[in-house]
Amino acid sequence: MHEEAIITSLRKRRNELSRTLGLRDVKVERQADEVDAIERANELDLTVSHMNRESETIRLIDLALQRLENNEYGICDECEQQISPARLKAVPWAQYCIRCQEEEDRRSTTRGMQEAA
Ligand SMILES: [Zn+2]
């Protein structure tokens with residue numbers, strides 16, 4: 001894929017995500033008027049975790065755009081190996097190669113469990 005095309009598709013995705021995030025903000029406010037507090041809290045939890053994931057993706061997209069500028073796009077942040085084209089096609093803002101990503105996921109799952117305990 002040409003870099004221009006990657007930049008265009010990353011920017012497009014970023015716009016979509018920030019638009020969704022903006023819409024969600026309004027929705028959260030409206031939910032505050034509803035009666036069932038527990039349900040509201042659950043919905044809010046879900047919304048917040050969606051928002052976290054969306055903000056995280058936006059952050060990764062910004063990083064990817066930065067790396068495109070620096071000619072470092074497609075290089076794993078952890079082991080500095082080339083990220084496979086198939087992975088970049090599926091996740092154009094991938095920060096790590098599949099091996100390091102799995103390692104990272106394992107670490108954050110462990111972190112999450114420790115926080116819950
Ligand atoms: Zn790696």
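What is the mean pLDDT of the chain, and what share of its residues reach 70 or more? I began here, as the model is predicted. The chain has a mean pLDDT of 86, and 84% of its residues reach 70 or more.

**Entry on confidence by element.** Helix α3 has the highest confidence, with a mean of 94. The lowest is in helix α1 (residues 3-31), where the mean is 82.

**Entry on the core.** The largest nonpolar core is made of eight residues, namely I61, A64, Y73, I83, W93, A94, Y96 and C97. Domain 1 (1-73) and domain 2 (74-117) each supply at least three residues to this core. In soluble globular proteins, nonpolar side chains tend to be buried together.

Leaving aside residues up to four places away in sequence, I61 touches L10, R13, R14 and W93.

**Entry on the backbone.** Most residues other than glycine have a negative phi. N71 has a phi near 60°, and E80 likewise has a phi near 60°. I placed N71 in the loop between α2 (37-69) and α3 (85-90), and E80 in the loop between α2 and α3.

Are these two residues buried or exposed? N71 is exposed, because 9 other C-beta atoms lie within 10 Å. E80 also counts as exposed, with 10 C-beta neighbours inside 10 Å.

Key
Residues numbered from 1 in each chain as written. Predicted model: local features only at pLDDT ≥ 70, side-chain atom pairs only at ≥ 80, totals over all residues. Helix = DSSP H or I, 4+ residues; strand = E, 2+ residues; numbered from the N terminus. Buried ≥ 20, exposed ≤ 12 C-beta atoms within 10 Å, placed from the backbone. Core = buried A, V, L, I, M, F, W, Y, C linked by C-beta atoms within 7 Å. Domains from an automatic or database assignment. Contact = placed C-beta atoms within 7 Å. pLDDT = per-residue confidence, 0-100.
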